[in-house]
Amino acid sequence: MSSDLEKGSAPLQANAPPTLAEYSNAAHHGLGHYTNTTLHTPRPSNIGNPGSLGLFSFASTTFMLSMYNVNARGIHTPNVVVGMAVFCGGLAQLLAGMWEFPRGNTFGGTAFSSYGAFWMSYATILIPNSGILAAYDAEPESLADALSIFLFTWMIVTSMFLIASLRKSAAFIALFGFLTLTFMLLAIGEAGAHLNVTKAGGAFGIITAFIAYYIGLSELLNAEKKAVATLPLIPF
């Protein structure tokens, strides 16, 4: 199967587990595929592929915040993204991750759940009643440093996913590569109050969002029995 978010090269019946020959012949071309060196197999499941849900939720929330970061239409306050970050980028992605685990997809489950948690935590920072921003009223320079550390931490997490995606597909390498650069630029922008660097981070975030949209659409089309078209992810 060409999809990187599917867990096996062909659908498995619940009463027909993979044979030893299938273990040894399988190639690791996608998220959660088993390999000829490890015996991680897709588990028989009636759960539909939640990949498009997670990718579209991630892409939409990332696109909105990135547009604010480049000051589109003169917008400097990003708080409108809070609702998206809680329910779309946060809850929807978290659910997608939880549905990936019973399908045997450790990578997809970990990635979606992690970024769902990221968006929920980011939204919590922006919610006034959380008191997080108010705690820095007396030392606003510490807030910038704290946000920079927050973003650098997620750059590290994203770089881990980038390493794990190197044998999957060009599309996923591009996704996690651009996302790593996005977090890096935003962290640097916060650390030194460099507006242009933050805008560059926003531009990279917009590119990241459209890559995620592309992969999500590819997954959605691959799930259709009679898709109008297919979008290649260029697997290795």
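Modeller: R73 sits in the loop between α2 and α3, where helices (H or I, at least four residues) and strands (E, at least two) are DSSP runs, numbered from the N terminus. This is a predicted model, in which local features need pLDDT of at least 70 and side-chain atom pairs count only at pLDDT 80 or more, while totals for chains, interfaces and linings use all residues. Residues are numbered from 1 along each chain as its sequence is written, and side-chain values use heavy atoms, with hydrogens and water left out.

Colleague: Is R73 buried or exposed?

Modeller: The general idea is a scale of relative accessible area, on which buried means under 20%, exposed means over 50% and partly exposed lies in between (1.4 Å probe, protein chains only). R73 has a relative accessible area of 84%, and therefore counts as exposed.

Colleague: What should I look for in the backbone angle phi of R73?

Modeller: Most residues other than glycine have a negative phi, and most peptide bonds are trans. In R73, a residue other than glycine, phi is positive, near 55 degrees. I234 also is not a glycine and has a positive phi of about 55 degrees; I234 lies in the segment after α7 and is exposed because its relative accessible area is 53%.

Colleague: Which residues does V80 contact, leaving aside its neighbours within four places in sequence?

Modeller: Contact means heavy atoms within 4.5 Å, and by that test V80 meets M64 and Y68. V80 belongs to the loop between α2 (51–69) and α3 (81–100), and with a relative accessible area of 59% it is exposed. V80 and Y68 are 12 residues apart along the chain, and their C-alpha atoms are separated by 9.6 Å.

Colleague: What does the side chain of S52 reach?

Modeller: A polar contact is a pair of N or O atoms within 3.5 Å; within protein, one must be able to donate a hydrogen and the other to accept it, and residues adjacent in sequence count only if both atoms are side-chain atoms. Here the S52 side chain reaches the backbone nitrogen of L220 at 3.0 Å. S52 is placed in helix α2 and is buried, since its relative accessible area is 8%. Not counting residues up to four places away in sequence, S52 touches G216, E219 and L220.

Colleague: How many helices and strands does the protein chain have, and how do I read a pair of helices?

Modeller: There are seven helices and zero strands in the protein chain. Two packed helices are described by the angle between their axes and the distance between the axes. Axes are lines fitted to C-alpha atoms, for helices over the stretch in contact, and angles run from 0 to 180 degrees between N-to-C directions. Helix α5 (residues 140–164) packs with α6 at an angle of about 165 degrees, their axes being 8 Å apart, and this makes α5 roughly antiparallel to α6 (under 35 degrees counts as roughly parallel, over 145 as roughly antiparallel, 65 to 115 as roughly perpendicular and the rest as oblique).

Colleague: What about α6 and α7?

Modeller: The axes of helix α6 (residues 170–192) and helix α7 (residues 195–222) come within 8 Å and cross at roughly 160 degrees, and α6 and α7 are therefore roughly antiparallel to each other.
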